[in-house]
Structure formats: structure tokens, C-alpha cells
Amino acid sequence: MKKIVYLFAFLLTLSACSSIDCPLNSRVYATYAFKRADATADTLEDTLTVRAIRVENDTLLFNKGVDISTFKVPLSYFRKEDVLGLRFADTYGNVSYDTIWIEKENYPHMESVDCAPKYFHTITNVRSTRNRIDRIVLNEKEVEYDTSAEIFHIYLYPDF
């Protein structure tokens with residue numbers, strides 16, 4: 001009887017481990033928030049387009065956002081530095097461009113041995129050009145699943 005109980009417990013353990021419960025969304029997004037000089041939320045009235053700038057080809061990450069206060073874009077898995085190109089266009093047809101460089105450390109995060117690893121990031125440095133962006137501030141170093149955490153604060157020039 002003891003052997004049957006052990007066998008049943010063993011089979012129950014095996015069946016519990018065989019169910020695959022991998023997250024459907026395997027991307028980790030960084031949230032960028034527009035701020036005013038007094039650090040309150042700001043709404044960008046211009047049209048914003050964001051591209052990942054790469055040697056082999058650019059990738060569109062965020063297209064024509066209007067009246068936004070935040071935007072989310074994924075970070076690369078393996079690159080030590082991501083380069084983002086931001087295009088600001090106002091209603092009068094004026095266009096300006098800025099570039100953001102994000103230096104980071106990437107590390108795999110395992111949910112289960114049955115699931116592909118996700119990559120979390122630790123931001124080590126951020127800088128930008130200063131055409132439309134006055135400054136960019138690193139608010140949170142760790143980029144994980146929490147998309148409500150504002151990783152970067154972008155301060156724009158007030159009279160543009």
C-alpha cells in the first residue's frame with residue numbers, strides 16, 4: 001500500500017511539472033514620460049514617431065502618437081547600447097529630430113525551464129541630443145515586466 005501512495009505522489013508531482021505556463025508577452029518595455037520643469041506630467045501635442053536606429057536597418061517602434069504623456073518601447077535583448085531616433089512634427093509642418101542613447105546591461109530572466117528566457121535590463125547611462133529635448137533623466141534603473149514604472153523622464157524645451 002505504501003508503494004502505491006508513493007507512486008501516486010510521484011505521478012502527481014510529474015503531472016504538476018508538465019503544465020507549461022509561459023507568459024504570452026515575452027517583451028520588456030521601457031516607459032518614457034514627458035515632464036515639465038516642475039516634474040509634473042506633461043502632454044506632448046506634437047506628433048511623435050520613434051525608431052530604433054541600427055546599422056543594418058532602422059525599426060519603427062512607435063508611430064505618430066499625438067497628445068501623449070508617455071510612450072513604451074521595447075529594449076533590445078543583446079545590444080549594450082540602444083539608439084532611438086525621435087521625430088517631432090507640429091501642426092504647422094515644423095519637424096525636429098532628437099537621438100537618445102541608452103547604455104544598459106542585459107541579463108536573462110527564467111520563468112521556467114520550459115519557457116524561453118526573457119531579458120531584463122539595468123540602465124547604466126542615458127544621453128540625448130538637445131534639439132527638442134532639454135534633458136532626459138533616468139528615473140528607474142531596472143527595466144522588468146512593470147510597464148507602469150517610468151524609466152525615463154523627458155523634459156522638452158518649453159518654447160519650441
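## Pocket definition

A pocket here is an open set of grid points with protein on both sides within 12 Å along at least five of seven lines, and its lining residues have an atom within 4 Å of a point. The model examined is predicted.

## Largest pocket

The lining of the largest pocket consists of 24 residues, and D42, R132, L156, Y157 and P158 lie nearest its centre. Strand 5, strand 6, strand 8 (133-138) and strand 10 (150-156) are the elements that give two or more residues to this lining. The space in the largest pocket comes to about 530 Å³. Sorted by class, its lining has 11 nonpolar, nine charged and four polar residues.

## Second largest pocket

The second largest pocket holds about 170 Å³ of space. It is lined by 14 residues, and A52, R54, S76, R79 and D82 are the closest to its centre. Strand 5 gives the most to this lining, with four residues. The classes here are eight nonpolar, five charged and one polar.

Strand 5 spans residues 81-89 and strand 6 spans residues 95-109; the two pair in the antiparallel sense over nine bridges. D82, listed above among the residues closest to the centre of the second largest pocket, stands opposite I102 in strand 6. The two strands form a hairpin with five residues between them, and G93 in the turn has a positive phi of about 90 degrees.

Strand 6 is also joined to strand 7 (residues 118-128), by 10 bridges, and these strands run antiparallel. In this pairing W101 stands opposite R127 in strand 7.

Notes:
Residues numbered from 1 in each chain as written. Predicted model: local features only at pLDDT ≥ 70, side-chain atom pairs only at ≥ 80, totals over all residues. Heavy atoms only, no water. Pairing = 2+ DSSP bridges. 1 Å grid on protein atoms, 1.4 Å probe; cavity = no way out; pocket = protein on both sides within 12 Å on 5 of 7 lines; lining within 4 Å. Points joined across faces, edges and corners; volume = space filled by probe spheres on them. Nonpolar A, V, L, I, M, F, W, Y, C, P; charged D, E, K, R; others polar.
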